[in-house]
Amino acid sequence: MAIIEVNNLTYRYTKKKYALKDVSFKIERGEFVSIVGHNGSGKSTLGKLLCGLLQTKHGEILIDGIKLSDDTIDEVRQKIGIVFQNPDNQFVGVTVKNDIAFGLENRNIDVDEMEKRIKKYATIVGMDEFLDKNPENLSGGQKQRVAIASVLAMETDILIFDEATSMIDPLGVKEVTNAIKSLKEEKTIIYITHNLDETLMGDRMIVLKNGEIVLDEKIDNAIKQKDILTNSNLEPLEQMELIELVNKNNLNRKEEVEKVLWQSAYQK
Ligand SMILES: Nc1ncnc2c1ncn2[C@@H]1O[C@H](COP(=O)(O)OP(=O)(O)OP(=O)(O)O)[C@@H](O)[C@H]1O
Ligand SMILES: [Mg+2]
């Protein structure tokens, strides 16, 4: 049984415009699925619907076989955690430690276990030295790290990351995404991003364009669909472009390849 099943999901904030239109897909337990798409393509709306922060009006969502509704929302929230793109709205505690503890306290997790998890997940995101600091005084990237630790600490089966690393510096992104990657198989992961490089750590990619799915394939195939990606306002991987360049110029000598690669670097 799929851990996530979405059938004919349509969502509108206003009458005029569809944020999501007839979206259907299934995600198996342990899958790592990236969701990409241009600004306004419906990614965050989908994330919010999946964890019940927006109410499904047309279509249905099943989480671990449970149909999402007002009656099941509490049960579903035990299974699914989400980190948003803007960490500012996510803080409730006076210290980083309080903040990570908050969700755990709500679930009656005992104190020893709580301490253990706070230390473990703060360390994973590189924020263990900040546990006694006030979250308001952290930088954007540090806030995002804490928000990620808070969600990881809940140890839910399903994790959704909605551009959760957008403010973290490149080396930090590597650390955090490595931590996320290490959860692969153990967790079901939905990773929302604009950056196609990041999708390579997943098993599969779903592309949204104007609220509709225009591509849903295993990552190796999906990443090569240059036309669909470009038409969806996504920038294809640099490697894709270089391979094309080599083919287009019919290059087979090392010197020729080097020359064309340098030329293309200067043209950028
Ligand atoms: N609260 C809201 N009220 C009205 N319209 C909204 C609201 N939130 C989003 N929308 C609209 O719904 C559509 C989808 O927005 P959504 O935030 O899901 O896109 P996104 O793919 O997450 O974009 P981004 O890459 O910028 O985060 C957009 O057209 C947006 O303008
Ligand atoms: Mg968004």
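Let's start with a helix contact. Lys97, Ile100, Ala101 and Leu104 in helix H3 meet Met114, Arg117, Ile118, Tyr121 and Ala122 in helix H4. What kinds of residues make up this contact of H3 with H4? Seven are nonpolar, two are charged, and none is polar.

A caution before going on: this is a predicted model.

Now the geometry of that pair. H3 covers residues 96–105, and H4 covers residues 111–124. Their axes come within 10 Å and cross at roughly 125°. That is why H3 counts as oblique to H4. The crossing of H3 past H4 is right-handed.

Step back to the whole chain. The domain assignment gives domain 1, residues 4–234, and domain 2, residues 237–268. How far apart are the C-alpha centres of domain 1 and domain 2? They lie 36 Å apart.

On to the sheets. One open sheet has four strands, in the order E2-E1-E4-E5. Its pairing is antiparallel. Which strands sit at the edges? They are E2, residues 20–27, and E5, residues 66–67. Each of these edge strands pairs on one side only.

Look inside that sheet. E1 spans residues 4–11, and E4 spans residues 58–63. The two pair in the antiparallel sense, over five bridges. To find a bridge on screen, pick Thr10: its partner in E4 is His58. Helix H1, residues 43–50, packs on this sheet and touches E1, E2 and E4. The direction of H1 makes about 120° with that of E1.

Next, the six-stranded sheet. It is open too, and the order is E6-E7-E8-E3-E9-E10. Here the pairing is mixed. E6, residues 80–83, and E10, residues 212–218, are the edge strands. Each has a single partner strand, so one side of each is left without a neighbour in the sheet. From one strand to the next, the twist averages 15°.

Take the E6 end. E6 and E7, residues 158–162, run parallel and are joined by four bridges. Ile80 has Ile158 as its bridge partner in E7.

Which helices lie across these strands? H5, residues 140–153, lies across E6 and E7. H5 runs at about 180° to E6. And H1 comes back here. H1 lies across E3, E6, E7, E8 and E9. Its direction is at about 155° to E7.

Note on methods:
Residues numbered from 1 in each chain as written. Chains lettered and ligands numbered in written order. Predicted model: local features only at pLDDT ≥ 70, side-chain atom pairs only at ≥ 80, totals over all residues. Domains from an automatic or database assignment. Axes fitted to C-alpha atoms, helices over the stretch in contact; angles between N-to-C directions. Parallel < 35°, antiparallel > 145°, perpendicular 65-115°, else oblique. Left-handed = near helix turned anticlockwise from the far one by under 90°. Contact = placed C-beta atoms within 7 Å. Nonpolar A, V, L, I, M, F, W, Y, C, P; charged D, E, K, R; others polar. Pairing = 2+ DSSP bridges.
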